[in-house]
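Me: Hi! I'm new to reading protein models. Could you walk me through this one?

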Amino acid sequence: HCGNHHYSKKCRDYLIKKYGFLEVFLTTSCTTALEMGVLLCNIKPGDEVILPSYTFSSTANAFVLRGGIPVFCEINKATMNIDPQKIEALITDKTKLIMPIDYAGIPCDINKIKKIADKYKIPILQDSAQSFHSFHDTNEVCGAVPSLATYSFHETKNINCGEGGALIINDPALIERAHFLQEKGTDRSLVLKGLKNKYSWVDIGSSFLLSDILAAMLFDQIKNAEKTNKLRSIVTKAYYELFSPYSE
């Protein structure tokens, strides 16, 4: 019933096939997925990370735990997401990561952010905690554009397994090390692939693994994401109809 077994693999394979991600790691929460992503980005003490001034504590904690320094960027009040036009002025030679979020499932302007990040060769870790099965205006699913992104499957999210998360990786150069980090900094993944006969400690890491019991709960829900969204849309429409007279 531990991580990376039958249902974890079913979730991973489904998400890759459905949304076109390069690799998916199921984690104990979106918080630990962010921490795992920050480790992959090699954030060190004194490194600056740009993030929106309006976000959840986990976005900042993930790199503050590594000694990173938060640099808060103003948000666009229409979307509550980071304002791409304000990012470039905050970039210094200490900037090592940009961490936008998709507030309340509303996608950030990831393509504008990526143009800036690519210009300065800065990686992006997109906090898509609330935006599983949300899409950018380019019809790309949230999490598919940057090299790293995260989801939350906490009980407060549309799709949940009580506590859970995922780290999405779209850069092939990061995948092998991600396996090491997820397995407590060991190269156990190479043993499972038959490339080594015993594993050893090769990196820093932690137990970033979702229980397979929770993955079983999750698998049935991710398969029904469209159905869930349609049902929630009925409720949303009812709220709009109820409150629009007061708004007007």
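Reply: Happy to! One term to begin with: buried means under 20% relative accessible area, exposed means over 50%, and partly exposed lies in between (1.4 Å probe, protein chains only). This is a predicted model, where local features need pLDDT of at least 70 and side-chain atom pairs count only at pLDDT 80 or more, while totals for chains, interfaces and linings use all residues. Residues are numbered from 1 along each chain as its sequence is written, and side-chain values use heavy atoms, leaving out hydrogens and water.

Me: Thanks! So is N139 buried or exposed?

Reply: N139 is exposed, with a relative accessible area of 64%. Its phi is near 70°, a positive value in a residue other than glycine.

Me: What do most residues do with phi?

Reply: Most residues other than glycine have a negative phi.

Me: And where is H133 found?

Reply: H133 is in the loop between β7 (125-127) and β8 (148-152); strands are DSSP runs of E, at least two residues, helices are runs of H or I, at least four, and both are numbered from the N terminus. N139 is found in the loop between β7 and β8 too. Phi of H133 is positive, near 65°, but H133 is buried, at 12% relative accessible area.

Me: New topic: which residues touch the most other members in the largest nonpolar core?

Reply: L167 and I169, out of 27 residues in that core. A nonpolar core is a set of buried Ala, Val, Leu, Ile, Met, Phe, Trp, Tyr and Cys residues joined through side-chain atoms within 4.5 Å. Two or more residues each come from α2 (30-40), β2 (48-52), α3 (57-64), β9 (165-169) and α5 (175-182). The largest share, seven residues, comes from α2.

Me: What does I169 touch?

Reply: Not counting residues up to four places away in sequence, I169 touches L22, E23, F25, L40, S147, L148, L174, I175 and A178. Here contact means heavy atoms within 4.5 Å.

Me: Back to α2: how many of its residues are buried?

Reply: Nine of its 11 residues, so α2 is mostly covered. Among the buried ones are C30, M36 and L40. After α2 comes N42, whose phi is positive, near 60°.

Me: Last one! Where is Y246, and is it buried or exposed?

Reply: Y246 sits in helix α8 (residues 225-247), and it counts as exposed at 68% relative accessibility.
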